[in-house]
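Below are some notes on the fold and on a few backbone details. Please read them with the structure open.

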Amino acid sequence: MLIAYLAALSQAAPSEPQPVWQVNQRERFCVVVRERTAERPGILLQAYPFSPFNTLVFMVPKIGAHTGNASVDLSVPSQRSAAPSYASIFEPAKSADRLLKTSIDEDQLAAAAAQGSLGITVAKRENHVLPLRGFGKVISALKACEERVAAALGLAKTWSQDPIERDDFRGMVQAEDYPVEMVSAGEQASISLLLKIDAQGRIEDCRAYELQGDRRWEKVVCPLLRKRAKITPARDFAGRSVSSYMLTPTIHFVIG
């Protein structure tokens, strides 16, 4: 549904003098959309409660020949590049553009919004600049939307200081952790997990929040995070450690 929506945006290209960003609430996330014009690509951002990571979907010209997954470097002009990530690449029918879906954290997004653009390098050879002029004006509306989503799920935020992951969750699952039978079958997946963290920083509950792939990947990842994750617990307004929720960034299982 997400990709189909952006694909539809790639068909028409009306021009407009100012970028228009729209914030919409969905069941499990919030969506910020800027429609495509003749001068700039369409952009869709999914923001999630309890997570500093957002899903970014945008259109670029079909320069490369590949689809599937590729490494992506996100950077703000004049600033140091962040750690590389991965993108899923799609090619909608009857479109001169490709769709790239990747992850961007709050710090990257805030810096890019302040700068007005985001640099993107795909597979270390294909460079793009994504204009983000005017995005800073919708950040407060986006945060309010995230709070409404959490409340609707019965997960209203009751702490003042968020739990902190001391290491990147995405680096906690290595190639050798992939089940042999799933590798042999060529199964790939992308998964984000909703974690309930107790007052000692332990993972009390772990479940798939969004999943593309076999449900068995949840049973692969959750025990690994319980064993390997080091989390500083959330704190309330009095500075006491309390239980909380956090959403992991999307973890990609890529074979080959």
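Which residue in β8 is the bridge partner of Ser75?

1. The partner of Ser75 is Gly119. The model is predicted. Strand β5, residues 68-75, pairs with β8 in the antiparallel sense, and the pairing runs over four bridges.

2. Helix α2, residues 106-115, packs on the sheet and touches β3, β4, β5, β7 and β8. The direction of α2 makes about 115 degrees with that of β7, residues 97-105. Helix α3, residues 139-152, also packs on the sheet, where it touches β1, β2 and β3. The direction of α3 makes about 10 degrees with that of β1.

3. The sheet is open and has nine strands, in the order β1-β2-β3-β4-β7-β6-β5-β8-β9, with antiparallel pairing. At the edges stand β1 (21-25) and β9; each has a single partner strand, so one side of each is left without a neighbour in the sheet. From one strand to the next, the twist averages 25 degrees.

4. Most residues other than glycine have a negative phi. Phe50, which is not a glycine, has a positive phi near 65 degrees. Phe50 lies in the loop between β3 (43-47) and β4 (53-61). With a relative accessible area of 17%, Phe50 is buried, because the cut-off for buried is under 20%.

5. Lys124 is likewise not a glycine and has a positive phi, of about 60 degrees. Its place is in the loop between β8 (117-122) and β9 (126-131). Is Lys124 buried or exposed? Lys124 is exposed, with a relative accessible area of 63%.

Terms used: Residues numbered from 1 in each chain as written. Predicted model: local features only at pLDDT ≥ 70, side-chain atom pairs only at ≥ 80, totals over all residues. Heavy atoms only, no water. Helix = DSSP H or I, 4+ residues; strand = E, 2+ residues; numbered from the N terminus. Buried < 20%, exposed > 50% of the residue type's maximum accessible area, 1.4 Å probe, protein only. Pairing = 2+ DSSP bridges. Axes fitted to C-alpha atoms, helices over the stretch in contact; angles between N-to-C directions. Contact = heavy atoms within 4.5 Å.
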